[in-house]
Amino acid sequence: MTPEAHFLAYIDAFNRSDFDALGNYYAPGIRLVIGNGTELVGRRAIIDFYRPVKAATHRTMTVLQCFHDGNVLAAELESEFLALEDLPDFTAGAMSKGDRRYINSLVLYDFDGPHYTRIRAATLKREYRPAPRR
């Protein structure tokens, strides 16, 4: 399987909230730096971070483009967050139920075989769309 095909399978597991499958893509000592600068170390820390995010929002990632060179894959991603409840303290900014937030990121994935060992994300664009109010 090419690194790009492997990455698309990883994104599919993320979008389905398949945390068991998702954890299998990470090396035990993985380091993840998300777009706001928060650093997470280890499989469990990453899964524990994403569980409540995915419980409070319907978050999906779309791969706009990706390619690899050696043991690094670069991807441009668009994440959509749909708030399932009011989220005054949401990590990407306060949201009310039904609001959407879009974040475009450039992400670098270092890998060793089937495992990602380091992930670094930089935010390119943020867009907030409030839910239509009645």
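**From the helices to the strands**

Ser17 sits in the loop between helix H1 (3-15) and helix H2 (19-24); helices here are DSSP runs of H or I with at least four residues, strands are E runs of at least two, and both are numbered from the N terminus. This is a predicted model, in which local features need pLDDT of at least 70 and side-chain atom pairs count only at pLDDT 80 or more, while totals for chains, interfaces and linings use all residues. Residues are numbered from 1 along each chain as its sequence is written, and side-chain values use heavy atoms, with hydrogens and water left out.

The phi of Ser17 is near 55°, a positive value in a residue other than glycine. Ser17 counts as partly exposed because its relative accessibility is 31% (buried is under 20% relative accessible area, exposed over 50%, partly exposed in between, with a 1.4 Å probe and protein chains only).

In H1, the buried residues are His6, Phe7, Tyr10, Ile11, Ala13 and Phe14. Viewed down the axis of H1, its buried residues fall within an arc of 155°, so they line one face of the helix; the arc is that of the directions from the helix axis to the C-beta atoms. An α-helix has 3.6 residues a turn, so residues three or four places apart point the same way.

Strand S6 (residues 115-129) pairs with strand S1 (residues 26-33) in the parallel sense over four bridges; pairing requires that DSSP find at least two bridges between two strands. Val33 stands opposite Arg120 in S6. Strand S5 (residues 100-112) pairs with S6 in the antiparallel sense over 13 bridges, and Phe111 stands opposite Tyr116 in S6. The hairpin of S5 and S6 has two residues between the strands, and Gly113 there takes a positive phi near 65°.
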